[in-house]
Amino acid sequence: MARQPRLTVAAYPHHVIQRGNDRQPIVRDDADRERLLALWQEHAQNFKVAIHAYVIMDNHFHLLLTPETNEGLPQMMQAVGRAYVRYFNLRHRRTGTLWEGRYRSNLIETERYLLACMVYIDLNPVRAGMVAQPVDFKWSSHRHCIGQVNDPWLKPHALFWGLGNTPFAREAAYAELVQTGLVQREKDQLTQSALSGWALGSADFVEGLQQATLRRLVPGKAGRPFKKRLD
């Protein structure tokens, strides 16, 4: 069965996952992490993509972003992927592929899942047992979102701004969301929807989004299509 084309629609938030080939490391030290951040910053600006949240794990990364155009996200990811692999292979004296195929991505319903996706991304290092608290992990957007560091290239979504009338209020409200965490069902939804490419949201959201694309947005029913018997 042919794989479905990746879905990108301008002005909608997208959750992106990119894994290392065979779950191998995509970063070996902080210099690699800094290079990846610099490439995101450069090409997000070049292709008009707003990055709201990120985390760099050892063998994969997550991004939450909104492209201004339908072409912006794939163009950005292609540019970053190619430049980073050239850098990584040259620096570490290796050859061959680094990524596990294409990046995975899906659209998410803003009001229902955007803040949950930010929390999900921030809690990745905690779930992996790398740190006890997300604030202890340097390579994510969490410390920016709670006001401990300033990453000016990150673009807070309007829903994040709506958490409070002042920076302190927003940061405190978001920190509380992260401390509350997610239920397992939300974690599973965010993971599986990104890996499968299906849109994540309510029935009304999917129905409205379907008008913007010919691509199917949710899984079809299992089994073969029913064929009417000819007498």
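The buried residues of helix α9 pack against strand β4, where contact means heavy atoms within 4.5 Å. This is a predicted model, so local features need pLDDT of at least 70 and side-chain atom pairs count only at pLDDT 80 or more, while totals for chains, interfaces and linings use all residues. Residues are numbered from 1 along each chain as its sequence is written, and side-chain values use heavy atoms, with hydrogens and water left out.

Helix α9 spans residues 203-210, and its buried residues are F205, V206 and L209. They sit on the same side of α9, because they cover an arc of only 95° around the axis (the arc is that of the directions from the helix axis to the C-beta atoms). Over on the other side of α9, A203, D204 and E207 are exposed. Here, buried means under 20% relative accessible area, exposed over 50%, and partly exposed in between (1.4 Å probe, protein chains only). Helices (H or I, at least four residues) and strands (E, at least two) are DSSP runs, numbered from the N terminus.

Now for the sheet. Four strands make up an open sheet in the order β2-β3-β1-β4, with antiparallel pairing; two strands pair if DSSP finds at least two bridges between them. At the edges are β2 (49-56) and β4 (104-107), each pairing on one side only. Strand β2 pairs with β3 (residues 60-67) in the antiparallel sense over seven bridges, and V49 stands opposite P67 in β3. Helix α3 (residues 110-122) packs on the sheet, touching β1 (14-19), β2 and β3. The direction of α3 makes about 155° with that of β3 (axes are lines fitted to C-alpha atoms, for helices over the stretch in contact, and angles run from 0 to 180 degrees between N-to-C directions).
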